[in-house]
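Me: I am new to reading protein models and would like a close look at one loop. Could you walk me through it and then show me the chain around it?

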Amino acid sequence: MIESVPPFAYVLAAAFLVAVLPARVGHLLGGLATAAVGVQALLLENGTYLDAGFLGFDVVFLNVDDPARLVAVAVATLATAAVLYAAATDVDRVRTAFALSYVASTVGVVFAGDWLTLIFFWELMAVTSTLLVWHYGGEAVRAGFRYALFHATGGTILLAAVVVHYASVRSFHYADNFGIAEAAVPLAAVGIGINCGFIFLHSWLPDTYPRPHVASSVFLSVFTTKTAAYVMYRAFPGEQLWLAYIGGAMAVYGVFYALLQYDPRRLLTYHIQAQVGYMLVGIGLGTELSTAGGLAHMFNNVLFKALLFMAVGVVIYRTGEEHIKNLGGLWNVMPLTFLAYLIGAASITAVPGTNGFISKGMVLDEAHHVHNYEFGLSGTAAYGDVLWWALIVGAVGTFMSFVKLGYYIFFHGENTVEPADATPGQTVAMLAVGGFCLLYGLVPDLLFELLPLSAEAISELHPYSTGHLVESAVLLVVGFAAFFALKGPIGRLASMPDVDRVLFPAAFYSGCGLVWGITELWAAVDRVVMATAGASMRVGSDPGGYAYRAAERVPGVAVEGLPREADRRSLRLRASVGTSVFIAIAVLFGALAVLLAYL
């Protein structure tokens, strides 16, 4: 029975029911539906396949393999906790319904077995997440329009890639040709890259995620970008060094701008870009261990990133403050929230004992091994660790960011207010997610079992080796010292603009110019059409008069032979019967000749 029902179906059904049922019943139903996704993913065997007819094509709504199972378990775990968190944060039924429809479309992408199904749910994911942003109102509405434009653009480009793929291989199914067709690579890279937050295509991230309700930010923070990294894995299997280097650049770029932020959710959002960079490095390197490391980091990031958004969300929910310099000293009045923040911060900075330490270590190890490239006219081999160093810089910057965030929220200055701590529901949701972060860090074999790894590859993994522990300790010490040494310069650089400072006004004025141009063009066409119609009506009402006036302008016509002006309107143009028949036959033969020429 569970093999015949695609998981998105009952989550989507729950989304509709949540909108009409009493709040508590609806949230309970939503939590059960999302939890069922994880249970179903763990029970189904690899190779489970559910196909159907859709738009005249054979499509696959349920395709189970290790990567799909891994992402589905992460989505189910977090979505269940997020529904509980939303219920405890005064979220209305409609917002929860939008959130669950967003989860349903994400699950549809994860279990899709062909590109047509994937692009359908990909677009649905964009629509449902936009509605989730818009529902909050205020500044979120304008940001939601920009968000929608980005995702509509990315979805259109990815759709074009899917069409090119089908034209190349004559199939949408993954099984027929794993990966996107070569002719579609540039389009797929850009279309998926927008959702991944590629540098210069990332402005929608820090613009959108800090603006809606704090519970909505929890959902938004994990599904779109991590699903995009998963689709990148589907599209580009094997070694793709260009993708790895884009990921390395994202890790540095995202961390740099995160360090400059004093809006807590904006800081966390830039770290989404940075952490997706680590995932893309693992996927792009293409080895068995690196790919597993990238997918593992995707799994772990769903947990610790959402946990951080939950903890920060509680602070905003209780204090109403969204500038971290206006906070401080909250560790003793909000101890549960502080504990949740510590677990999330330790996980994202790869402190030993957390899940981030396991997956980030896997990616760093493989990046360190890929360091010999041949280049130059001489063809000699040169060695460098550019990619590895980029990830190391990103790791140090990540630790600096979360020392900064924790310092200003929980320790800096005097606490002038004593807000209440997290509600019981918020506490359960945060500590449950935090417990998984610790579980997969302390018992990494549980994570390894979910990864697409052979037993031989698993035997090569030694996450708690002395080298890993020493490397982690050095990075943490350097990051801690670097923040306090550079705290002043970081504050002075806080106003440094990102590309959105240019991109958004340019897009706005370009859009205004486009609308003006189209409007003026339409007005000009309208004026020409109306003038032509008016002239035709005037000629039709007095063809003789117009004919005589035209004749007067023709050289060689005797003006004195024409009727007087006063008599012209009473005259009518006439032709003999023979002339009329001749003209009609000539027109018919001309039309027949044109038709035969085309045939």
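Reply: Happy to! Let's start with Asp-90, which sits in the loop between α3 (66-87) and α4 (93-111). Helices here are DSSP runs of H or I with at least four residues, strands are runs of E with at least two, and both are numbered from the N terminus. This is a predicted model, where local features need pLDDT of at least 70, side-chain atom pairs count only at pLDDT 80 or more, and totals for chains, interfaces and linings use all residues. Residues are numbered from 1 along each chain as its sequence is written, and side-chain values use heavy atoms, leaving out hydrogens and water.

Now for the backbone: phi of Asp-90 is near 60°, a positive value in a residue other than glycine. Is Asp-90 buried or exposed? Asp-90 counts as exposed because its relative accessibility is 57%. For these words, buried means under 20% relative accessible area, exposed means over 50%, and partly exposed lies in between, using a 1.4 Å probe and protein chains only.

Along the principal axes, the C-alpha atoms fill a box of roughly 115 × 65 × 60 Å. Of the 599 residues, 51% count as buried.
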